[in-house]
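Open the model in your viewer and keep the sequence panel beside it. Each stop below says what to select and what is there.

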Amino acid sequence: MLHELKKREETIKQVSAGAAESQYKYQLEQYKFQTEQHLRLESEHLREELQQSLQTLKTTQEHLINSEKLAVLGSLVAGVAHEIKNPLGAISIHVQLLKKALGSATAPAVDRYLKIVDEEINRLNSIVVDFLFAVRPMNITTINDDLNRLVKELADFLRPEAEAADIELRLELDTTLPPIPFDRHFLKQALLNLITNASAAMEHGGSLLLRTGQDSNEARITVKDSGCGIDERNLSKIFEPYYTTKSDGTGLGLTLTYKIVKEHGGDIAVKSKAGFGSEFVVSLPIPQTNQKLITGRCADREHEHEPQNTDCR
Ligand SMILES: Nc1ncnc2c1ncn2[C@@H]1O[C@H](COP(=O)(O)OP(=O)(O)O)[C@@H](O)[C@H]1O
Ligand SMILES: [Mg+2]
């Protein structure tokens, strides 16, 4: 380009220096043509860029309108869900009172009917509670805390249930993890959802691994099971609200988990193979200032077992 410009400059100089105009006329015409072509291309390019920017602007505007609509819809439905909770509680209390009033002399059929009413109330209640959890804005308050302690607490809490279900619960804790900012209540809920799903996927027992780890700027919590796994076709759907393969599922557990993790500025990844188990990895940012606050040495690591094949419901 620079070379080309120099050549043109030279020609113009020669013309103005009185060189035979005819000698350079053709060359000047050429340059004029080339410049015009160049300008045409440039303006075409600019027009394309402008069109692309306009398209981006239009899509962003549409997204904004949609998310605004969703926000309004969300708060409307959340209001309705909240209103459902109170009568539901009242129905539940009155079913218990009815049971008491009828005493033990009721026909077996009545008992059965009341049991079904009770179960359905609980189901509705958990749908409403999970829904409210998923749509309400979260008030996440993070404080620097020990991730290992949270995982250990969860493991202690779950161990009796796991043992009863023939699930071997293993822990691999990286004790060099620095404290990181998280909301204890919400993160516990998120991990519980992952663990509940993992246990549900191992109907006939199996192994459940809870592992913590890190790289330079993120802490990781892995929940790995040897359960039924997730078919590749369904892997993209599992975080969608209301996606469930369980007869008593709400399909909101992973939606909620995803939301909690995102509110922490983190991410969640899943690897799964039908018949071989699943691995969910939650990663949370370690702020630069915390990276030096290393708490100890790496804990003993147990060897991982190959996941077993179990049936899924
Ligand atoms: N560890 C897992 N193993 C197998 N399938 C899983 C696992 N975790 C989630 N899933 C699948 O993702 C679906 C959605 O999970 P979730 O949002 O928690 O809703 P729910 O548990 O109420 O079905 C589950 O119904 C199940 O099909
Ligand atoms: Mg679930």
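Now select residues 295–313, where the pLDDT is below 50. Beyond near neighbours in sequence, this stretch has 42 contacts in the model; a contact means C-beta atoms, placed from the backbone, within 7 Å. Where pLDDT is low, the predicted coordinates should not be read in detail. The chain as a whole averages 84, and 86% of the residues score at least 70.

Some ground rules. This is a predicted model, in which local features need pLDDT of at least 70 and side-chain atom pairs count only at pLDDT 80 or more, while totals for chains, interfaces and linings use all residues. Residues are numbered from 1 along each chain as its sequence is written, and chains are lettered from A and ligands numbered from 1 in the order in which they are written.

**The whole chain**

Switch to cartoon. The chain has 7 helices and 7 strands; these are DSSP runs, helices being H or I of at least four residues and strands E of at least two, numbered from the N terminus. Along the sequence the pattern reads α-α-α-β-α-β-β-α-β-β-α-α-β-β. Of the 313 residues, 21% are buried, meaning that 20 or more other C-beta atoms, placed from the backbone, lie within 10 Å of a residue's own; 12 or fewer is exposed, and in between is partly exposed. Among contacts between residues at least 6 apart in sequence, 75% join residues at least 24 apart.

**The sheet**

Select the strands of the open sheet. There are 5, in the order β2-β4-β5-β7-β6, with mixed pairing; two strands pair if DSSP finds at least two bridges between them. The edges are β2 and β6 (267–273), each pairing on one side only. Neighbouring strands are turned by 15 degrees against each other on average, direction ignored. Axes here are lines fitted to C-alpha atoms, for helices over the stretch in contact, and angles between N-to-C directions run from 0 to 180 degrees.

β2 (residues 167–172) pairs with β4 (residues 206–215) in the parallel sense over 6 bridges. Show Leu-171 and its bridge partner in β4, Leu-210. Then show Glu-172, which stands opposite Arg-211 in β4.

Which residues of β2 are on its covered face, and which on the uncovered one? Ile-167, Leu-169 and Leu-171 are on the covered face, while Glu-168, Arg-170 and Glu-172 are on the uncovered one. In a regular strand the side chains alternate between the two faces of the sheet.

Move on to β5. β4 and β5 run antiparallel, joined by 8 bridges, and a hairpin connects them through 2 residues. Leu-209 stands opposite Lys-224 in β5. Next, β5 and β7 pair in the antiparallel sense over 8 bridges. Val-223 faces Phe-280 of β7 in that pairing.

**Helices across the sheet**

**Around ligand 1**

Select ligand 1 and its shell, where a residue is near if its C-beta atom, placed from the backbone, lies within 6 Å. Of the 22 residues around the ligand, Asn-197, Ala-201, Thr-244, Gly-249 and Gly-253 come nearest. α5 (184–200) and α7 (253–263) each supply at least two residues of the shell. The shell divides into 8 nonpolar, 12 polar and 2 charged residues. Here Ala, Val, Leu, Ile, Met, Phe, Trp, Tyr, Cys and Pro count as nonpolar, Asp, Glu, Lys and Arg as charged, and the others, Gly among them, as polar.

**Two backbone stops**

Most residues other than glycine have a negative phi, and most peptide bonds are trans. Select Asp-166, in the loop between α4 and β2. Its phi is positive, near 65 degrees. Asp-166 counts as exposed because it has 11 C-beta neighbours inside 10 Å. Now go to Tyr-242, in the loop between α6 (232–235) and α7. Tyr-242 has a positive phi of about 70 degrees. With 14 other C-beta atoms within 10 Å, Tyr-242 is partly exposed.

Conventions. pLDDT = per-residue confidence, 0-100. Contact = placed C-beta atoms within 7 Å.
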